[in-house]
Amino acid sequence: MTTPMANKAAGSLVSITKKHTVQSSGLWEAFRRLFAIDPNRSNGVPLNPTYRNPPPGSNDPIAYDDPVTVPAGDIADNPYWKRDNRRSYPALSVVGQGDVVGLLSVGSAAQPKVELIGEAGQKQLVDVKEQGQTGLAAYAKKSPGDMAKDMFVGGLPPTPSGTSLNGTQWGVYKYELTERSYPDGYPCRIFK
């Protein structure tokens, strides 16, 4: 039995026939009312004509203004990889054979081999670009002495990063074991 205070707080009960929900009918409605914990509770599925106002597709899409947030909503110059902070990996750089031929024959901006001034410099850059399209092997056949002088150090190919030839043995980056396994700046406690 409900008290008047509870009825006032919860509101009056609404008959299931007055609710704007899809309900079963006939034998299945009697079956549902018999086995339901609360027969006046609806299933919650709204009637389409009542609750879908305006119905889908009735609004003119041209008349609708999409709220745009700037700069995130700006399509131009805003690809997903630029604003994806979870996967902000360093961008990979690729050096092709044409780039290597250009570096070997002309040099770089930091270490130029030939001064490129005026039209003669532009013509030389075009020639280097055409040489690069043929590949590194064609450049090596054309000028093996220049390539060997630039690529090999003392007649040997370049060493991997962190290695050096000390006398007769290859030395790798030397590391030392200390009493503590982590340096002082590393935020880690060690329990013994």
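Thr21 counts as buried at 15% relative accessibility, where buried means under 20% relative accessible area, exposed over 50% and partly exposed in between, with a 1.4 Å probe and protein chains only. The model is predicted: local features need pLDDT of at least 70, side-chain atom pairs count only at pLDDT 80 or more, and totals for chains, interfaces and linings use all residues. Residues are numbered from 1 along each chain as its sequence is written, and side-chain values use heavy atoms, with hydrogens and water left out.

**Thr21 and the H1–H2 loop**

- Thr21 sits in the loop between helix H1 (4–10) and H2; helices (H or I, at least four residues) are DSSP runs, numbered from the N terminus.
- The side chains of Thr21 and Gln23 are joined by a polar contact of 3.2 Å. A polar contact is a pair of N or O atoms within 3.5 Å; within protein, one must be able to donate a hydrogen and the other to accept it, and residues adjacent in sequence count only if both atoms are side-chain atoms.
- Not counting residues up to four places away in sequence, Thr21 touches Ser42, Asn43, Gly44, Val45, Pro46 and Leu47, contact meaning heavy atoms within 4.5 Å.

**Helix H2**

- Glu29 belongs to helix H2 (residues 27–35) and is buried, with a relative accessible area of 14%.
- A polar contact of 2.9 Å links the side chains of Glu29 and Arg32.
- Leaving aside residues up to four places away in sequence, Glu29 touches Gln23 and Ser24.
- Phe35, also found in helix H2, counts as exposed at 59% relative accessibility.

**Helix H5 and its packing**

- Val101, Gly102, Leu104 and Ser105 are buried in helix H5 (residues 97–105).
- Seen down the axis of H5, its buried residues fall within an arc of 165°, so they line one face of the helix; the arc is that of the directions from the helix axis to the C-beta atoms.
- These buried residues of H5 pack against helix H6 (118–134), helix H7 (136–142) and helix H8 (144–151).
- Gly107, which follows H5, has a positive phi, near 100°.

**Gly132 in helix H6**

- Gly132 lies in helix H6 and is buried, its relative accessible area being 10%.
- Gly132 touches Gln97, Gly98 and Val101, not counting residues up to four places away in sequence.
- From C-alpha to C-alpha, Gly132 and Gly96 are 8.9 Å apart in space, and they are 36 residues apart in sequence.

Key:
Helices (H or I, at least four residues) and strands (E, at least two) are DSSP runs, numbered from the N terminus.
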